[in-house]
Amino acid sequence: MVVTNKARAREMRLITALFVLSCLLKTTTTSPATWAYSRDDALAWRPASSLLHQLRHLGVRALIRDDAEATALASADFGNMSDAQPPAAAVLYPSCPEDIATLLRASCTRPSPFPVSARGCGHSTRGQASAPRGVVVDMMSLGCHAGGSASRLSVSVDGRYVDAGGEQLWVDVLRAALAHGLTPRSWTDYLHLTVGGTLSNAGISGQAFRHGPQISNVQELDVITGLGEMVRCSKEKHGDLFDAVLGGLGQFGVITRARIPLTPAPARARWVRLFYTGAAALTGDQERLIGVDLGTAVSGLMDYVEGSVVLADQGRVGSWRSSFFSDADAARIAALAEEVGGVLYCLEGALYYGGAARGGEADVDQRLNVLLGELRYARGFAFVQDVSYAGFLDRVRDGELKLRASGLWDVPHPWLNLFLPRSRVLDFAAGVFHGILRRDSTTGAMGPVLVYPMNRNRWDADTSAVLPEEEEVFYTVGILRSSVPASTDGGRQLLRRLEEQNEEILRFCEEAGIPCVQYLPYYADQDGWEKKHFGLAKWARFVDRKRKYDPKAILSRGQRIFTSPLA
């Protein structure tokens, strides 16, 4: 690759700036909980204004900031949870992937490398994207240079794929693809997340039963490893790195581009919500819909299958996700919940049609009639809307805007996401939905409790994602509750109780022998990751990959998996 004099000069300015920054990041070998810089250090911590003063004459002031506003924003996330981790020392605003590679090489060459974490929209909940005492890379900055966001989002109609920068939002990927009558196959329920962020976890929603998670729908990646190496990888080329990064929690590289396959897009969605009075009826129908028994009349009729739990005394029916219902319908649903003991279940599904989908309106009417006749929901409690395909996929955005307007978006989110085997989902429902959550009402908390199945054979076992024990079907349970602002005594008490409930749920699973694993996981230390999340064999593979691609443990220390270089 030809390197122009301008590019070389730019890199040298950044290297010089990073050298100054690395001096300021020099620390003593204190414990992780102690983050004050040593006064005995020859180049001890200096205030933000000092760093900016030194960088100004280097011509890279726009690239690096260490002021309190920048570092506080980069160290915060959607979780809004109090955490003992120190904030980042600085923020890098890259204009191109080479800036990130230069930063990582600068860290890698130091005797004591400083942490580096890539941050997209900051939608983690426990500081996973933070870089304690290190540098956060503001990935969104990549879309602000070199022609803007559009230059890093390109659709190939002939090749049936989209190349998207790691900082691109999925909602923008959707819009770009739909402009050509195309669409990715697998989504998350919330589209205002970055491509690199969801691919570093898995990316799941109601399409995953058929198409797998988003990490099973990637053709190629551009990755910058913890060694600062820029690598283009796929299943066929550098396949181990490709597999490691997908679902790798940011431990092996920074995703700067992903090639996502596309398929002809439908035009509309018939959006269905059906209410059930018991977990067995709900999960039985969900499993028939995703094809557990291919001989059933409903197998494969829905294109999207999820479900949720409705707790009557916690306002779930009237919550921000439920503008689907009129006030009268919401009252009927609440009355039914009380009648059956306070817990209802809702099957949420969609049937796509029009455009390039398998049929038109007559076809979707026929499919819906079969479903409404065959499924075992409570009669009289079927609700249907007809919406655009794009509107259905981006439906959570409306709820977000309502919460923002009410001041209830930037609040603590003590989320707990689990994968558990099909054989134990009813035990979990009895102990958690009808037990812990029903018994100990948390007034003031809001947010959905999701439960739906996926097929293991749609997941690639070579990626870094971790699934529960070997059963063909497993369930995801998302207890996605939010508190009220923690600035009040009531808010702090509610948050504490929600966190205690999460711990109680995990203890229940352990005592009941339910082999669950966390999705979007959080563990306080490496021992928890090794023993509770990965297990012996998967942990060994994860460590081997870490040694290969980030041996100095520079990347994503906020995950608390590796906090110091590997031996």
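Which handedness does the crossing of H9 and H14 have? The crossing of these two helices is right-handed, a term used when the near helix is turned clockwise from the far one by less than a right angle. The structure is a predicted model, in which local features need pLDDT of at least 70 and side-chain atom pairs count only at pLDDT 80 or more, while totals for chains, interfaces and linings use all residues. Residues are numbered from 1 along each chain as its sequence is written, and side-chain values use heavy atoms, with hydrogens and water left out.

The protein chain contains 17 helices and 19 strands; these are DSSP runs numbered from the N terminus, with at least four residues (H or I) for a helix and at least two (E) for a strand. Of its 567 residues, 59% are buried, that is, under 20% relative accessible area with a 1.4 Å probe and protein chains only, whereas exposed means over 50% and partly exposed lies in between.

Now to the helix pairs. Helix H9 (residues 279-289) packs against H14 at an angle of about 145 degrees, with the axes 10 Å apart; axes are lines fitted to C-alpha atoms over the stretch in contact, and angles run from 0 to 180 degrees between N-to-C directions. Here Ala 279, Ala 280 and Thr 283 of H9 meet Val 425, Leu 426 and Ala 429 of H14, a contact being heavy atoms within 4.5 Å. Helix H14 (residues 425-439) also packs with helix H15 (residues 489-512), at about 150 degrees and with axes 11 Å apart. H14 and H15 are therefore roughly antiparallel, the word for angles over 145 degrees. Their crossing is right-handed, and the H14 residues that take part include Phe 428, Val 432 and Leu 437, while those of H15 include Ile 505 and Phe 508.

In the segment after H17 lies Ala 553, whose phi is near 55 degrees, a positive value in a residue other than glycine. Ala 553 counts as buried because its relative accessibility is 0%.

Key. Angles under 35 degrees count as roughly parallel, over 145 as roughly antiparallel, 65 to 115 as roughly perpendicular and the rest as oblique.
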